[in-house]
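Please keep the sequence and the structure in view while reading the points below.

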Amino acid sequence: MPGLAAGGPPPGGPVPGGPASGGSWPGRPAQGGPVPNGPATGGPTVDGPAAAAGPTDGRAAHGPWAGAPRGPEPGGEPETGGEALLPGGPESDPLRRSGLQRQRAPWETPPTEPPAPTSFPPSPQPQSPEPPEIRPLSPQLPSPEPQNPRPSVVQPLSPQLPGLDAAPPRSGTSTEAPGAGAPTSRTPSDASPPPTGASQYAPPPPTLVDTPSGTPSDQAPAQAPVQAPNLPTPVDYVGSGPPTYDAEPTALPPADVDELDDLVADTVLDGAAYGTSTLRAVSVRGDSARYRGEPRRDSLLTARFGVGDGALVLVAMATGARATPGAHRAAAEACQWIGRAVGRSHARLAEDIRAARRGDLKSGLHRLTDRSLGKLRASAAEQGIEPEEYTASLRCLLLPADPECRTRVFFGVGAGGLFRLRDGEWQDIEPHVADTAGEAVVGFGSLPHETPDGDRLTMDLGITTPPSPYEPAPEPPPRDPFRFRASVARPGDTLLLCTSGLAEPLRGEPALAEHLTSRWSDGDPPGLAAFLADTLVRVKGYADDRTAAAVWEA
């Protein structure tokens, strides 16, 4: 019988490729049985549930491609109830040709073996002309599908840098502006080449970062250069030649582990403005101390006592004795003692200044100064050193905060300088103390030429006479006299109070006075940094510490 394999059919089963019991040959549906990969009446098919109606191939699947799924018809949806094998085998199946595999339905049993890896063939390339490619400098974000066939202006996120040419176009590249709200594509029919000599890209829209307010273009208008005031540039030194020492600090003072509070900074700078006056104050270590690693012997104190118009500003500066180990401590204590004394009496002092009570001011400040220096001498006795080794010159300035009061009061003891710059000229207004003249006192100084009886001493044998226990002990040498001056300032004046480190070169070098005149005569007070640079102008032969306080009158 044709269709039977050698050896006969297997027991109880149909012959492969032939009819079974109650079945039919290929091409005819079985009576009462299902057709593989085809619809059946009232029963499920091999690949899916039954369908009410569906086209069949007219042939039963057989061979190695039995049970292969059928893809959807071109231009239509797949049929309900399963897929039928297309004629012609797997070559005519679009699903097979595309390399895709049919997904398992939820009601089907999972396969016994895992599916093999799937490879996808490259997609077909479009045959349309290639549009120009836009390659902005900033990264692009994926843009949605075009919705409007009208062409739009292509604007990259960042402008094209000079010297960078456009990259060659690449197929499949979008020409849409990234981040646009309603992107559109440029079709080949609408695209037109840019004019010769013109840029292919439109300038980017101005942003809040690179466009100033009120300027429509993306380039800021050219601004006129700011004209600096016609002031002389700061100089390092004036005079015949450069100083001996370097301008910058070289060595630091030695430090004690147990007395770190004893360290003194190289430079102290301060400033304030009250009423009609502007204050600038500075204290700088001298070039000699910077080179030798010695501490600054000058001390500066600026303090305000009180509030409002009744406040009183104190500027105190002191200089310790030269070549003494505790000179910087003596200067600091002198400023602290006078600061405490003035602070306790600031209300009375401010009232006397506004009322112009010159006599009361002089006597009261003289008493406060003597009391402060007396405590300094007592501190020297406690330390077991001579009072001459633990002393300091003290110079102070009182400035009322009341804008209606322009009285400036200076007082102190010791050498220094008080100058006033008025109408472009420096005036030395340091109060001078008259020399005290008189006869020698018995027991002090040189012996008189003759005795009260008229007898002359003709010979001094040089024999030392032991001191008498009844004679009083000799007093210490006379102290520096107290200095006081109260002056009324005028608008435009500049008052300068300084120690000997700045007063001596200001008196001895005219070039320094001329330089400060050119710097401070414009009427506007300098800033802290400018004031520091002005006071640091060096003069050859003057290398001591410099402490100064200047007051500009509005």
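## Briefing on the predicted model

Val409 has Ala486 as its bridge partner in β10. The strands concerned, β7 and β10, run antiparallel and are joined by seven bridges. The model is a predicted one. The protein contains eight helices and 13 strands, and buried residues account for 32% of its 554 residues. Among contacts with a separation of 6 or more, 66% are between residues 24 or more positions apart.

**The five-stranded sheet**

- Five strands form an open sheet in the order β4-β5-β6-β7-β10, with antiparallel pairing.
- β4 (298-305) and β10 (482-488) are the edge strands, each of which pairs on one side only.
- On average, and with direction ignored, neighbouring strands of this sheet are turned by 10° against each other.
- Helix α4 lies across β4, β5, β6 and β7, and runs at about 105° to β5.
- Helix α5 also packs on the sheet, where α5 touches β6, β7 and β10. The direction of α5 makes about 140° with that of β10.

**Helix α4**

- In helix α4 (residues 346-354), the buried residues are Leu349, Ala350, Asp352 and Ile353.
- These residues lie on the same side of α4 because they cover an arc of only 160° around the axis.
- As a general point, an α-helix has 3.6 residues a turn, so residues three or four places apart point the same way.
- Ala347 and Arg348 are exposed residues on the face of α4 that is turned away from its buried side.
- The cover over the buried residues of α4 includes β5 (312-320), α3 (327-344), α5 (358-383), β6 (392-400) and β7 (407-413).

**Nonpolar cores**

- The largest nonpolar core has 30 residues, of which Ile338, Val342, Leu365, Leu398 and Phe411 touch the most other members.
- At least two residues of this core come from each of β5, α3, α4, α5, β6, β7 and β10.
- The most is given by α3, which supplies seven residues to this core.
- Which residues does Val342 touch, not counting residues up to four places away in sequence? They are Phe305, Leu312, Leu314, Leu349, Leu398 and Phe411.
- Another core lies apart from this one; it has 20 residues, among them Phe419, Leu502, Phe531 and Ala550.

**The six-stranded sheet**

- A second open sheet has six strands in the order β2-β3-β13-β11-β8-β9, with antiparallel pairing.
- Its edge strands are β2 and β9 (425-428), and each pairs on one side only.
- Neighbouring strands of this sheet are turned by 15° against each other on average, direction ignored.
- β3 pairs with strand β13 (residues 546-553) in the antiparallel sense over eight bridges. The bridge partner of Ser277 in β13 is Glu553.
- Helix α6 (residues 500-508) packs on the sheet and touches β8 (417-422), β9, β11 (494-498) and β13. The direction of α6 makes about 55° with that of β8.
- Helix α7 (residues 510-520) packs on the sheet as well, touching β8, β9, β11 and β13. The direction of α7 makes about 120° with that of β9.

- Strand β2 (residues 267-274) and strand β3 (residues 277-284) run antiparallel and are joined by eight bridges.
- Leu269 stands opposite Val282, which belongs to β3.
- β2 and β3 form a hairpin with two residues between them. In its turn, Gly275 has a positive phi of about 60°.

**Cysteines**

- How many disulfides does the structure hold? The number is zero.
- For Cys396, the closest cysteine sulfur is that of Cys335, at 7.1 Å, which is too far for a bond. A disulfide would need the two sulfur atoms to be within 2.5 Å.
- Cys396 is buried, its relative accessible area being 0%.
- Cys498 is buried, with a relative accessible area of 0%.

Note on methods. Residues numbered from 1 in each chain as written. Predicted model: local features only at pLDDT ≥ 70, side-chain atom pairs only at ≥ 80, totals over all residues. Heavy atoms only, no water. Buried < 20%, exposed > 50% of the residue type's maximum accessible area, 1.4 Å probe, protein only. Helix = DSSP H or I, 4+ residues; strand = E, 2+ residues; numbered from the N terminus. Arc of directions from axis to C-beta. Contact = heavy atoms within 4.5 Å. Pairing = 2+ DSSP bridges. Axes fitted to C-alpha atoms, helices over the stretch in contact; angles between N-to-C directions. Core = buried A, V, L, I, M, F, W, Y, C linked by side-chain atoms within 4.5 Å.
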